[in-house]
Amino acid sequence: MGQILKVNTETGLSQYLAGIVERLEIVSVDANMDPILAGSIPPNPAELLAGDQWYQLLQECKKKYDVIFIDTPPIGIVSDALSMAKAATAFILIVREMMTKFDREEKVVRKLEALDANIGGFIYNGISAKSPDYEYRHYNNEYEKRNNGDREKIMAKVSVILPVYNTEKYLPRCLDALVNQTLEDLEIIAVDDGSTDHSPAVLKKYAGIYGDKIRIITKENEGQAAARNMGIRASRGKYIGFADSDDCVDVSMFEKMYLLAEERKCHMVECHYHYIQETEKGNKELHTRGNIRQHANRRDMFIDPQVSPWNKLYLREILLRPGLDFPEGLIYEDTSFYIKTIPYVLKSAYLDERLVYYFLRNTSTMNVNKNKKVADIFCVLQDILDFYRRYGFYEQFEKELEYFCTKILFCSSLSRIGRVKDAALEKELLDRTFCFVSEKFPEYKKNPYFTGKIGWYIKHINRRNSKYIGKILGHVMKG
């Protein structure tokens with residue numbers, strides 16, 4: 001395009017979005033079209049397209065132009081075009097004869113459908129009436145081949161991500177349940193997060209017995225979130241499940257969830273679980289957290305969910321989207337991860353069976369009151385809000401986000417603050433709680449989801465009575 005217009009191609013949209021140039025040069029061709037050149041290729045195109053500068057530019061262009069065409073790189077090769085799914089009114093896909101493979105184009109369509117993007121149609125170019133492939137024989141043959149190269153990359157039906165850190169006491173029980181899964185085509189990705197006990201030896205023993213079924217990744221200690229993120233990147237299954245190394249699952253769990261996902265073509269399947277408290281007198285079954293059920297739609301997934309990943313099976317391709325990860329260095333990372341998956345879970349299913357045995361222990365990561373780490377919830381909720389704004393989902397789910405974040409802060413987070421022994425820190429955390437809510441959601445009391453008992457509670461809790469309510473919740477609520 002630059003050569004045709006005889007203009008400099010080194011400076012353009014990329015340099016403007018990166019802040020290298022202050023003004024965007026618009027090349028005037030005629031009264032009906034104003035091209036904007038891309039400029040030189042930046043090292044981080046996806047980040048630039050996810051930024052506020054790009055969003056503001058689109059809003060300005062919408063005011064000035066009737067139609068805006070954006071020529072993107074191939075969706076099947078890079079993710080730049082996918083980041084614009086919410087900003088674009090429609091996608092028009094270009095198909096070229098003898099170049100575009102049928103199965104790859106089908107995958108592109110699936111990616112766009114997963115983003116709930118509108119596909120306006122196809123342009124079929126490069127066709128020659130003299131071509132022997134003008135009829136549909138060529139594409140029928142290609143469709144049957146199904147791209148063997150991509151098939152080789154998908155080595156398993158399910159990848160199970162297993163972070164491991166100093167759980168030698170419970171690890172054999174966990175691994176026994178995983179290696180004996182009734183779903184044969186399953187890989188276990190055990191990520192040793194710098195364990196200092198005998199956990200690495202346990203993993204090595206099982207890998208020696210079960211061979212390729214267990215893949216061990218060893219890394220420095222960075223926390224459970226970093227271990228899970230690394231496991232996701234290393235996975236090769238069509239679906240991804242998670243397990244905690246100090247818990248265990250039913251041996252039929254992943255087969256049942258996989259079959260349900262395949263039958264209903266789901267992006268996520270969720271099952272029920274056992275919630276067991278370990279005491280000196282023995283084990284005690286507790287009431288489970290969250291309202292685990294078949295969700296009516298994506299909005300319903302925000303309402304009183306169980307956010308943990310270990311009772312869910314996800315379609316792998318949605319977990320590879322930009323920004324969809326566990327925030328590292330924080331506790332409550334499960335909360336952020338679950339909420340960030342919702343926009344992409346267009347279809348979910350619920351398996352009404354208790355297939356996970358989750359144990360509540362005083363030494364578990366989520367159950368040790370680490371005082372100042374209680375404040376991580378503010379970073380986690382900010383991570384969620386930033387994600388929804390960055391990728392264009394905030395307005396669509398604004399009321400659900402308001403409900404979810406406010407309820408978290410005034411319920412489970414307040415119960416943890418109520419167990420903080422340091423009075424000064426307790427006061428600081430309570431102040432931050434009400435500052436966060438008033439700043440982010442000043443009209444939260446008008447939220448339509450706050451009805452009944454929870455609605456009454458939310459409307460009556462305030463900074464003055466929060467200390468006493470926190471003490472009560474801290475005594476009543478577990479975890």
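This is a predicted model: local features need pLDDT of at least 70, side-chain atom pairs count only at pLDDT 80 or more; totals for chains, interfaces and linings use all residues.

Trainee: Where do I begin with the interior? Which residues have the most contacts inside the largest nonpolar core?

Mentor: The general idea is that in soluble globular proteins, nonpolar side chains tend to be buried together. Here the largest nonpolar core has 68 residues, and Phe 242, Phe 302, Tyr 314, Leu 319, Ile 339, Tyr 388 and Tyr 457 have the most contacts inside it. Helix α14, residues 376-390, gives the most to this core, with eight residues. A second, separate core has 45 residues, including Val 202, Ala 261, Cys 266 and Tyr 358.

Trainee: Which residues does Phe 302 contact, leaving aside its neighbours within four places in sequence?

Mentor: With those neighbours set aside, Phe 302 touches Ile 339, Ile 342, Tyr 388, Phe 397, Glu 400, Leu 401, Tyr 403 and Phe 404.

Trainee: Now a helix. Which residues of α18 are buried, and which are exposed?

Mentor: In α18, residues 452-460, the buried ones include Gly 455, Tyr 457 and Ile 458. Seen down the helix axis, the buried residues of α18 fall within an arc of 165°, so they line one face. Gly 452, Lys 453 and Trp 456 are exposed on the other side of α18. The cover over the buried residues of α18 includes α15 (398-410), α16 (412-417) and α19 (463-476).

Trainee: And what covers the buried residues of α8?

Mentor: Start with the residues themselves: Leu 171, Cys 174, Leu 175, Ala 177, Leu 178 and Val 179 are buried in α8, residues 171-179. Their cover includes strands β3, β4, β5 and β7 along with helices α9 and α11.

Trainee: How do I describe two helices that pack, such as α10 and α13?

Mentor: Give the angle and the distance, then the residues. Helix α10 (224-234) packs on helix α13 (333-341) at about 40°, with the axes 10 Å apart. From α10, Gln 224, Ala 225, Arg 228 and Ile 232 meet Glu 333, Asp 334 and Phe 337 of α13. By class, this contact has three nonpolar, one polar and three charged residues.

Trainee: Last, a loop residue. Is Asp 244 buried or exposed?

Mentor: Compare its relative accessible area with the cut-off: under 20% counts as buried. Asp 244 has 13%, so it is buried. Asp 244 sits in the loop between β6 (237-242) and β7 (248-249). Beyond its neighbours within four places in sequence, Asp 244 contacts Leu 162, Cys 174, Gln 224, Arg 228 and Trp 310.

How values were computed: Residues are numbered from 1 along each chain as its sequence is written. Side-chain values use heavy atoms; hydrogens and water are left out. Axes are lines fitted to C-alpha atoms, for helices over the stretch in contact, and angles run from 0 to 180 degrees between N-to-C directions. Helices (H or I, at least four residues) and strands (E, at least two) are DSSP runs, numbered from the N terminus. Contact means heavy atoms within 4.5 Å. Ala, Val, Leu, Ile, Met, Phe, Trp, Tyr, Cys and Pro count as nonpolar, Asp, Glu, Lys and Arg as charged, and the others, Gly among them, as polar. Buried means under 20% relative accessible area, exposed over 50%, partly exposed in between (1.4 Å probe, protein chains only). A nonpolar core is a set of buried Ala, Val, Leu, Ile, Met, Phe, Trp, Tyr and Cys residues joined through side-chain atoms within 4.5 Å. The arc is that of the directions from the helix axis to the C-beta atoms.
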